[in-house]
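Have the structure open beside you and try each task before reading its solution.

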Amino acid sequence: MSLCQSYVPNYFSIQDILATQEKVPCKFEMQVKHLGFLDPGSDKRDIEIGTSIELPLWMASVLNSQRPSIAEVGLPKIFKEAYRDIMKADPCVVDLHKLAQYFYEFGMCLCMLKHRESSEISSVLVESFKQRFRQILDWAQHSTIEVPESKKLDETEKMIYHMGREVGSSLYLWLTEGGSLITAADMVIQHKKMKLTQKDLLH
Amino acid sequence: MDPSEVEFIAEKELVSIVPNFTNSEVHLISGDVGPFRAGLPVNVPIWMALNLRQRQKCRIIAPDWLDVEKLEALKEEEKSNRFFTKMPSEHYMVVAQLLLSAVDDDIPRVEEIRMAVKDLWDVRISKLRSSVDTFIKTGGSHARLDYLTTMEINSVRPLLPHALDFIDRLQKASEGASRRDMASQD
Amino acid sequence: MPLTLTQRCCHLLAPLIPFTVVFIHLSDDDGVRQVFEEMRGLYDQNVAAANDSTADPDGTAISSIAIRHAALERNKRCLMAYVFNRSKKLRNMRWQFGSILPPEIKANLCEPEIQWFNSYSKCLARYMKSIGGQGLNLAQDVKPPKSLYVEVRSLIDYGKFELDNGEVVLLKKHSTHLMSRAQCEPLIIQGVLEQINH
């Protein structure tokens with residue numbers, strides 16, 4: 001048995017690092033010397049005023065927090081009004097894995113940047129999750145195998161889904177087989193499977 | 001918690017047995033059990049009843065609710081009621097699972113009882129699932145868990161608390177955003 | 001270049017995402033070294049820019065310094081997360097595989113990680129020995145035990161095994177045995193035996 005805690009980003013959290021690696025459009029309001037290579041479309045030494053580049057969110061937040069600010073941070077496609085309307089219309093059918101793997105975490109970080117449309121973004125985040133939650137709940141508890149549709153989930157949703165699925169399958173096992181069985185450790189089972197597939201590849 | 005841990009907790013519930021031996025009181029950390037007199041019913045914890053039964057030292061008397069008609073009635077009541085109804089035992093599912101697998105020759109109609117318990121469980125679990133969904137969608141801040149049993153509550157853990165924590169984080173991000181909006185208007 | 005460099009850091013991290021991979025990948029010492037080199041480069045450039053006041057008449061140098069510094073911090077965070085998450089996985093492995101790791105896994109660890117694993121194992125053993133005076137094996141009875149003896153089936157040709165009572169049994173593939181729960185639990189967890197359900 002292990003303690004179960006809800007995910008909250010921290011300094012060491014890989015999820016948070018990858019979420020802040022997602023790109024946002026930045027329009028430079030100041031000249032930046034020697035860093036021209038940040039713009040893949042140019043071979044100049046400096047970044048000139050007015051240049052627009054897609055940069056990772058962590059860098060954008062630095063550009064945005066300097067006084068005066070170095071660049072104006074725009075909205076990535078997925079959080080623009082057109083996409084927000086799609087999410088509002090029927091959030092359950094959207095393939096978030098394809099659109100933005102870290103939809104919620106990325107969106108929350110964007111909200112911190114005091115963007116004009118922050119409150120619209122955050123309400124889309126909250127509503128989308130509330131609507132999509134039923135699917136996660138059903139997939140997690142109904143089935144002992146991984147549902148193929150779960151591939152369309154955002155990474156945080158996936159984390160919640162996997163936790164739920166573990167509980168769902170241990171409950172199923174208890175209802176069908178009883179609870180006292182000792183079983184091999186998860187890592188041991190996976191290690192065995194991996195060795196078997198490696199053997200198959202060799203022959 | 002793993003279901004086997006909930007089962008462990010449920011095994012402390014008392015059940016009636018008729019021992020075929022005589023023995024004085026047994027003193028346990030959880031309390032005294034016995035004395036045992038051959039042929040006279042006595043209440044013991046389930047784990048002890050199962051152990052004695054395995055060694056052919058007693059006959060287990062199934063609780064009176066472990067009966068097809070009573071279970072059907074409970075199921076109907078559960079279906080017609082918006083809220084959860086009170087179960088005859090805080091661990092009805094575990095008690096049924098344990099006793100039915102141990103005493104299949106002591107009780108008549110075991111298979112039917114097993115089905116009835118499973119039906120009751122299914123009705124309650126699907127009710128639980130849709131109320132969890134409504135709870136999330138309407139943004140409720142508290143819910144009454146009266147008459148839900150440990151195993152049932154455990155079935156939505158850690159999924160529900162995790163989802164609630166997550167929604168809380170999403171909402172905090174939005175509160176932060178709207179506060180900043182107001183500040184910039186001043 | 002800071003961008004490609006922090007991206008390289010993310011490549012280091014990607015295989016460590018929970019739920020995607022259970023196994024530790026080969027420790028990417030080379031990748032870590034490259035990140036260090038780039039960090040040194042960023043630091044040197046910033047020191048030079050800060051000392052060279054003549055090159056900055058209009059005060060724009062500060063923005064390049066801020067960006068480079070952020071990249072430096074970002075790289076540091078990625079490296080820390082890399083080390084931290086690998087050791088977290090290693091700690092889990094101690095509880096699942098026991099104190100001896102399968103050779104395929106051990107081969108993917110770097111020297112400091114092996115040292116860390118060994119000292120974690122030692123630390124844990126010392127703690128378990130100290131509990132309650134006579135010691136308590138915390139890895140035992142992970143699920144509430146139901147009976148003293150359980151029936152098991154051997155999944156592999158394991159060889160001879162000595163029981164508590166001195167009797168020696170031969171664990172052959174498919175052979176079944178009645179063993180004390182305490183003795184066979186570690187073997188079941190390590191996938192040598194499986195419990196037979198009735």
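How many salt bridges are counted between chain A and chain B? The count is two. Keep in mind throughout that this is a predicted model.

**Exercise 1. Describe the interface of chain A and chain B, from its extent down to its residues.**

Solution. 

Step 1: extent. Contact involves 38 residues of chain A and 37 residues of chain B. Together the two chains bury about 3700 Å², and carbon and sulfur atoms give 69% of that area. On the chain A side, the residues that lose the most area to chain B are Lys130(A), Gln141(A) and Trp174(A), together 19% of what that side buries.

Step 2: polar links. One salt bridge to look at joins the side chains of Arg134(A) and Asp133(B), at 3.7 Å from N to O. This pair passes because the cut-off for a salt bridge is 4 Å. Six residue pairs are in polar contact across this interface, with both residues at pLDDT 80 or more.

Step 3: elements. At least two residues each come from α5 (103–111), α6 (118–142) and α7 (155–177) of chain A. The largest share belongs to α6(A), with 15 residues.

Step 4: classes. The side of chain A that touches chain B is made up of 21 nonpolar, 12 polar and five charged residues.

**Exercise 2. Which strands form the open sheet in chain B, and which of them stand at the edges?**

Solution. 

Step 1: order. Three strands of chain B make an open sheet in the order β4-β1-β5, with antiparallel pairing.

Step 2: edges. Since β4 (42–45) and β5 (58–61) of chain B each have a single partner strand, one side of each is left without a neighbour in the sheet. The twist from one strand to the next averages 45°.

Step 3: pairing. Strand β1 (residues 14–19) of chain B runs antiparallel to β4(B), and four bridges join them. As a landmark, find Leu14(B), which stands opposite Pro45(B) in β4(B).

Step 4: covering helix. Helix α2 (residues 46–54) of chain B lies across β1, β4 and β5 of chain B, and runs at about 105° to β4(B).

**Exercise 3. Where in chain A do Glu155(A) and Lys158(A) sit, and how are their side chains linked?**

Solution. 

Step 1: the link. Their side chains meet in a salt bridge, at 3.6 Å from N to O.

Step 2: the placement. Glu155(A) and Lys158(A) lie three residues apart in helix α7 of chain A, so about one helical turn separates them.

Step 3: the wider count. Over all chains, the structure holds 25 salt bridges.

Conventions:
Residues numbered from 1 in each chain as written. Chains lettered and ligands numbered in written order. Predicted model: local features only at pLDDT ≥ 70, side-chain atom pairs only at ≥ 80, totals over all residues. Heavy atoms only, no water. Contact = heavy atoms within 4.5 Å. Buried area = accessible area lost by both parts, 1.4 Å probe. Polar contact = N/O pair within 3.5 Å; in protein donor to acceptor, adjacent residues only side chain to side chain. Nonpolar A, V, L, I, M, F, W, Y, C, P; charged D, E, K, R; others polar. Pairing = 2+ DSSP bridges. Axes fitted to C-alpha atoms, helices over the stretch in contact; angles between N-to-C directions.
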